[in-house]
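Please look over the sequence and the model below before reading on.

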Amino acid sequence: QTCALPISSGTNTVDVVNGVATFDNIILKGKTGDYTFTFSHSGGYTSVTSDAVTLNPGAAVLLKIDQQPSRARSGIAFGTNVIVRAYDAGDNVATGSSATVTLTPSTGATFTGTNTSDGVASHALLSGSYTFSGLVLNGAAASYPFDATSTGLTPATSTSIRLDNVATFGTVAVSDLTNATASASVDVTGNDSVSTTALEFEWST
């Protein structure tokens, strides 16, 4: 006769020896929380259910970039902070991880600002997570992804961040206005090296 324990990984059916069924090498994976096991017997005995087993986060296996900006301006800190977390095999935040994470932008760009050195940003995770604030992306106007890496963990790559250079605008002299005693609207085109934007300002005496 056999006794079965339905489970996704590990031994799930064993022989009954002297009235005892021993299950070993059982691995429980999934979201953190409480789980119970149901034991059934091929001889038709009544099934039994275990007490609740609390599943806690496991060891970190991979990194995820859970928050990032989609656009930035060269030399100016991100308006949206970058959040990196470590996850276990069950897709839970690995709260026990204090691994050091390094953010490296793609070729042609560098990071400066808080927690940066030599063009990259780096910091240890705190309970499996860290928020990189005060980051500045520098480079020519283009789109740049960045990598989040840590020894022993599967790395993560961000979506591309569009980097704009600070716009420069032309000037309009008073002599260019046909009526210097009344307010006038003048269209000026600014170029942020990626696209042009029509701006309107009002001048008056």
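This is a predicted model: local features need pLDDT of at least 70, side-chain atom pairs count only at pLDDT 80 or more; totals for chains, interfaces and linings use all residues.

## The open sheet

Five strands, in the order β12-β13-β10-β17-β18, make up an open sheet whose pairing is antiparallel. Its edges are formed by β12 (116-117) and β18 (156-157), each of which pairs on one side only.

Five salt bridges are found when the whole structure is searched. One of them joins aspartate 66 to arginine 85, with the closest N and O atoms 2.8 Å apart; because aspartate 66 lies in strand β7 (residues 62-67) and arginine 85 in strand β9 (residues 82-87), the pair ties together parts that are 19 residues apart in sequence. Aspartate 66 is partly exposed at a relative accessible area of 34%, and arginine 85 is likewise partly exposed, at 26%.

## Contacts of aspartate 164

Arginine 71 and aspartate 164 meet through their side chains in a salt bridge of 2.5 Å, N to O. Since arginine 71 belongs to strand β8 (residues 71-73) and aspartate 164 to strand β19 (residues 161-164), this pair ties together parts that are 93 residues apart in sequence.

Aspartate 164 also forms a salt bridge with arginine 162, where the closest N and O atoms are 3.0 Å apart. Aspartate 164 is buried, at 4% relative accessibility, whereas arginine 71 is partly exposed at 44% and arginine 162 is partly exposed at 25%.

## A linked network

Salt bridges also link Lys31, Lys64 and Asp91 in a network.

Definitions and conventions. Residues are numbered from 1 along each chain as its sequence is written. Side-chain values use heavy atoms; hydrogens and water are left out. Two strands pair if DSSP finds at least two bridges between them. Helices (H or I, at least four residues) and strands (E, at least two) are DSSP runs, numbered from the N terminus. A salt bridge is a side-chain nitrogen of Lys or Arg within 4 Å of a carboxyl oxygen of Asp or Glu. Buried means under 20% relative accessible area, exposed over 50%, partly exposed in between (1.4 Å probe, protein chains only).
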